[in-house]
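Please keep the sequence and the 3D view open while you read.

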Amino acid sequence: DKEENRSMREKFRIKGMMCNHCKANVEKSIATIEGVTNVTVDLSEGIAYVEGNFDPAKIIATIEEAGYEYIKE
């Protein structure tokens, strides 16, 4: 099934990141999720750009477990 191999790039708006430590914390947490190939956090925009073949619900759960708030767009 080719669906399994598709790669996507999604953005997740995050509230509560104040500094580079927060940014690194979120990037590190999201990077551990199965299927994530790349994650970049834009601190000024409060957005995590996540690439790979992953379950978006896991990304949201990880953001919240790290102590930040996911904002649905």
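## Cysteines

A search of the whole structure turns up zero disulfides, a disulfide being a pair of cysteine sulfur atoms within 2.5 Å. Cys22, for its part, is in no disulfide.

Cys19 is partly exposed at 31%, whereas Cys22 counts as buried at 10% relative accessibility.

## About the model

This is a predicted model, in which local features need pLDDT of at least 70 and side-chain atom pairs count only at pLDDT 80 or more, while totals for chains, interfaces and linings use all residues. Residues are numbered from 1 along each chain as its sequence is written, and side-chain values use heavy atoms, with hydrogens and water left out.

## Overall fold

The chain has two helices and four strands, and along the sequence they follow the pattern β-α-β-β-α-β. Helices (H or I, at least four residues) and strands (E, at least two) are DSSP runs, numbered from the N terminus. The chain's radius of gyration is 12 Å, close to the 11 Å that the globule rule gives for 73 residues, so the chain is as compact as a globular protein of that length. That radius is taken over C-alpha atoms, and the globule rule is 2.2 Å times the number of residues to the power 0.38.

Along its principal axes, the C-alpha trace spans about 40 × 20 × 20 Å. Buried residues account for 32% of the 73 residues in the chain. Contact here means heavy atoms within 4.5 Å. Among contacts between residues at least 6 apart in sequence, 61% join residues at least 24 apart.

## Salt bridges

Side chains of opposite charge can pair when their charged atoms come close. A salt bridge is a side-chain nitrogen of Lys or Arg within 4 Å of a carboxyl oxygen of Asp or Glu, and by this rule the count comes to three. One of them joins Glu51 to Arg9, with the closest N and O atoms 3.6 Å apart. Glu51 lies in strand β3 (residues 47-52) and Arg9 in strand β1 (residues 8-15), so this pair ties together parts that are 42 residues apart in sequence. Glu51 counts as partly exposed at 28% relative accessibility, while Arg9 is exposed at 55%.

Glu69 forms a salt bridge with Lys15, and their closest N and O atoms are 3.9 Å apart. Glu69 is partly exposed at 42% relative accessibility, and Lys15 is partly exposed at 48%. Lys23 and Glu27 meet in a salt bridge too, at 3.0 Å from N to O. They are four residues apart in helix α1 (residues 20-31), and therefore separated by about one helical turn. Lys23 counts as partly exposed at 21% relative accessibility.

Which residues are buried in helix α2 (residues 56-65)? They are Ile59, Thr62 and Ile63. Because they cover an arc of only 100° around the axis, they sit on the same side of α2; the arc is that of the directions from the helix axis to the C-beta atoms. The cover over the buried residues of α2 includes β1, α1, β2 (36-42), β3 and β4.

Thr62 is buried at 16% relative accessibility. Not counting residues up to four places away in sequence, Thr62 touches Ser29, Ile30 and Ile33. Ser29 belongs to helix α1 and is buried at 18% relative accessibility. Leaving aside its neighbours within four places in sequence, Ser29 is in contact with Thr62 and Ala66.

At the start of α2, a side-chain oxygen of Asp55 comes to within 3.0 Å of the backbone nitrogen of Ala57. Just after α2, Gly67 takes a positive phi of about 100°.

Technical notes:
Buried means under 20% relative accessible area, exposed over 50%, partly exposed in between (1.4 Å probe, protein chains only). A polar contact is a pair of N or O atoms within 3.5 Å; within protein, one must be able to donate a hydrogen and the other to accept it, and residues adjacent in sequence count only if both atoms are side-chain atoms.
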